[in-house]
Amino acid sequence: MAEIEIPQYFVCPISLQIMKDPVTAVTGITYERESIEQWLLKTKVCVCPVTKQPLPRSSEYLTPNHTLRRLIQAWCSSNASNGVDRIPTPKTPLDKIHVQKLVRDLDVPQCSQTVLEKMLALATESERNRTCMAEEGVAKAMVMLINKNFKEGKNNCPEEALRIVHLLWNIPTMVNNMKHLVGKNLDFINSLTWILQLHMDHNFKMVNEALTLLKLTIEVADSTPLGSLNLEFFREIMRVLRKRALLSQQAIKSALHVLIKTCPLGRNRTRIVEAGAVKELIEIELEKPEKNLTELIFNLLAQLCSCADGREQFLLHAAGIAMISKRILRVSPATDDRALNIFLVIARHSASNEVVLEMLRVGAVSKLCMVMQADCASYLKEKARDTLRLHSKVWNNSPCIQVYLLTRHQR
């Protein structure tokens, strides 16, 4: 095919590929539909790529060039023996009238499942379809459907509805709309929690999808309602973490993101501790997860250990101090920072004689000395130094402290 001369007017000015679905903009220039739609969607200044004249952002102003498409198809067919692939006739683009009809048909009980399947197929097919569906209120219809099922206590929620919301959420124009739809109160969060409760033991695909949406919802939700989440919500997230072997890594990360985002608000920190998070986080970390997961775990543990109940639960776990000590200087500066925060608050507020000796026995004191000598940020060294000073009378006689003092003052 490299030896065949392709007519220049068959080639899209953006992709530089033969056009399969040519459309003409109001400036008179013809482009491949997908290429110009992507351009209009993502460019900050909406102008014609060739003429630099202003263009309407909506794809409604793109006119299909049927004559050129037929010429391209005929040329491809005549050159099939030379290895040129035939170009099929493109599907009719999704339009707002079709989408509006699908939304109306959702209210017809005998049609709703079929409509959802059609909507999911359309949303999966192309970004153009997703943009059109977002503009016509499909995300709102899906959120209302999910909330309605929850409020009516139905024993199922269409998996397609969750997937459609997820696909539409990523459309750039939807960010503010989703905040308005799901961020003002706890309705959607309660619905997603209900889905977790229903499907945790048998439909893990549904759980994965619900967790992703829960994370996205928490990220855009107002802080006031998030501060009033109840203990049952956090127990459900803990149930997710205990089932981690059956769920995707992304689902576990989503659950941790939810806890990290909600932890500082209201009395959530206490509720998260009461739900058993500290023990579960240590158990996950003992399984040696990937770096990103470890960073999330240490972020959350540092927040939970900032309260007395959290420190108490941390110290009750036989492997807590040893696990923190082992991760220092092995994962990332962010992990080191959180780990040193944990040791500092424990040494300052919860350091019984047993705890101080435990830190010495499992190597935590040695690791603090290593931080002082390592090539790391000065603020990390300062935290290690502050922790060592708090119990220097107990730790000064230990071999690791003596070695540290000798090496530190070598000439």
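So, salt bridges: a search of the whole structure turns up 24 of them. Keep in mind that this is a predicted model. I'll walk you through a few.

Let's start with E280. Its side chain meets that of R242 in a salt bridge, with N to O at 3.3 Å.

Now, is E280 buried or exposed? Its relative accessible area is 9%, and the cut-off for buried is under 20%, so E280 counts as buried. R242 has 46% instead, which makes R242 partly exposed.

E280 has another salt bridge, this one with R244, where the closest N and O atoms are 2.8 Å apart. R244 lies in the loop between α12 and α13, and it's 36 residues away from E280 in helix α15, again a link between distant parts of the chain. What about burial here? R244 and E280 are both buried.

Okay, next pair: E382 and R385. Their closest N and O atoms are 2.7 Å apart, in a salt bridge. How many residues separate them? Three, which is about one turn of the helix, and both lie in helix α22, residues 378–390. On accessibility, E382 comes out at 35%, so we call E382 partly exposed. R385 is partly exposed too, with a relative accessible area of 22%.

Conventions
Residues numbered from 1 in each chain as written. Predicted model: local features only at pLDDT ≥ 70, side-chain atom pairs only at ≥ 80, totals over all residues. Heavy atoms only, no water. Salt bridge = Lys/Arg side-chain N within 4 Å of Asp/Glu carboxyl O. Buried < 20%, exposed > 50% of the residue type's maximum accessible area, 1.4 Å probe, protein only. Helix = DSSP H or I, 4+ residues; strand = E, 2+ residues; numbered from the N terminus.
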